[in-house]
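Okay, everyone, thanks for coming. Let me put the model up and then walk you through a few parts of it.

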Amino acid sequence: MHPEIQELQTKLKEILYDCAVEIRATKAALYLLTNDARFELITEYGFRGVIRPLADRTDPVVDRCGRGRTPFFINGLNTEPRFSHVMFESASDRLLAAPLYLRGNLVGFVDMRDKAGKAPFEAADLPKAQKIVERIGEQFANRNVFNQRFITLSEAPPKATLVPPSMSPSEARVAPIVDPAPPKPASPAKPSLWGAERSAPANVPALSTLIIEARSNADRIAVPESPDTIGEAELTVIRDLLRSMLLIPGAVVASVSAYGHMGGVQEVTARSSLTDEAVNVLQSKLNLWLTKRGEGGGFVRTNINLPFGAQDAQITAAQIQKVFTAPITAGSLRGLYLTVVFAATPDRGAHELLAAFHKQLQTAIEYSMERGTLQSTRSRIADALVEPDFTKYPELRRHTDSVTARVEAFTRFLSLSPADAETARIVAIVHDAGMRLLEYERLYRKKDLTADELSILKEHAVVGASIVEPLLGNEIARAVLCHHERWDGHGYPNEVHGTDIPLAARILQICDVYETMIAADSYAPAEPLEVAAAKIARAAGTQFDPDLAQKFVDMLRAR
Ligand SMILES: [Fe+2]
Ligand SMILES: [Fe+2]
């Protein structure tokens, strides 16, 4: 690598990261011209090393960049077959490349892949990509690289400031309840999804540096594997299906024995209660079956369910005509067995039904496990993401815990679907994760913030979204990004309004503001509960989603 380029490497990486910030490319690589007319990889993110270190004229991206000076994209492995190899090699299926031309020569290119949230690249990304390569080009002004001496090509574009100077410092933390803001003069450039770059004071790192740091911190978080065992959710699924199995002609008892799961459990569903003798016969038949196959049983706690009541005569040992047992194969689970007891020899139709139910049980348990793993993994990631801050700043922990509890209560009150409620809960846990890199301690309690400090504090929404996106996905990241937007569009960072603000963010905002108002340790003296509720009601339709704000107040009054 040319020593002058080496010197610029950190700066180049920082600019490259704009591909994540402005285009939301999950991977990007910068290649620059070498002395032997090839292109070498200078810096990258997201590829985790799975990318070509060198590219020459036979590379389809180089070839295409040499033919046209403008960025281009390809969505899908089969759209243009000659690109499929380079995409496939890096386990990606969408590509956006931007050539870097200086003084008429192709001296490099940026190779981006896979926009976040499985989104395709689009025409609106092309001018952004162009700007990024231009910023890279500016770095070589007056440097003697690529066998030529460069001159400055263009002035750096003026940067938009994030905070209108008129905004009061008290708006920095949780946006307070205020009357609709006066109309602002139209801003010259609309900020990107991720917010505009601020004009940072000299001693504060640039937003893109913060985001790089945030992302690499997030990469280091190890998420423990989930245990290979069933839980309450799976037991519920099992109980439901066992009840259906009693509809098989002749079936009188259906049970699932789970050895080694939850301390050993056996769910038994029967047409009516069993005599002790019948229970013993059943257990000994099951044990015999296990021993014959060299499989282990063990202790089980038995739960008996009688969906049709206990009014019929008891099932006796003499009625047990046939007992069928089969292992349940669901994922990597071991030690699960289905047993169905018939009071008469089952016919062919009953056998077929039994086989169908057995299969359905396996699928249902697997599905439930997957859903549970996903949910608990997200929860554990969320906790891991905020943990270092919680230890350092107990005040932030108290705030987050109270907001999360309020969100849980509110989503219950709203009867949200379990998936939406879980998303809102995760968003509540991580909503202020971006405070970590923003001198939380120094700024959080400070009374009179300068305009610079205020703009730094406001970046916690953008930084937080960048921290959580790689681990928790785009849906959570967008809600974190929007948690200080307002219903009337006067929030930050992007002035998104109405239902464009994700539901989880709209729910969180109300809980966040309410908890901040009633907390004794926040920046202002605690408000009495009634006053806080009235303020939420007044801000319906301006700061908050009017419907949700009304329901929130209803919830408070219902207590
Ligand atoms: Fe916040
Ligand atoms: Fe907050």
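This is a predicted model: local features need pLDDT of at least 70, side-chain atom pairs count only at pLDDT 80 or more; totals for chains, interfaces and linings use all residues.

Residues are numbered from 1 along each chain as its sequence is written, and chains are lettered from A and ligands numbered from 1 in the order in which they are written.

Back to the strands. β10 (residues 265-270) and β11 (residues 301-305) pair in the parallel sense, over 5 bridges. Strands here are DSSP runs of E, at least two residues, and helices are runs of H or I, at least four, numbered from the N terminus; two strands pair if DSSP finds at least two bridges between them. β10 also pairs with β9, antiparallel this time, through 6 bridges. Six residues sit between β9 and β10 in that hairpin, and Gly260 takes a positive phi near 85° there.

Now look at Val253: opposite it in β10 is Ala270, and its bridge partner in β13 is Val341. β9 (residues 251-258) and β13 run antiparallel, joined by 7 bridges. β12 (residues 322-327) is antiparallel to β13 as well, with 6 bridges, and Thr325 faces Thr339 there.

Over to the helices. α16 (residues 529-538) and α17 (residues 546-557) pack at about 160°, axes 8 Å apart; axes are lines fitted to C-alpha atoms over the stretch in contact, and angles run from 0 to 180 degrees between N-to-C directions. That makes α16 roughly antiparallel to α17, the term for angles over 145 degrees. The contact (C-beta atoms, placed from the backbone, within 7 Å) uses Ala533, Ile536 and Ala537 of α16, plus Ala549, Phe552, Val553 and Leu556 of α17.

Last stop: an open sheet of 6 strands, in the order β3-β2-β1-β6-β5-β4, with antiparallel pairing. β3 (54-55) and β4 (72-75) are the edges, each pairing on one side only.

Notes. Angles under 35 degrees count as roughly parallel, over 145 as roughly antiparallel, 65 to 115 as roughly perpendicular and the rest as oblique. Two residues are in contact if their C-beta atoms, placed from the backbone, lie within 7 Å.
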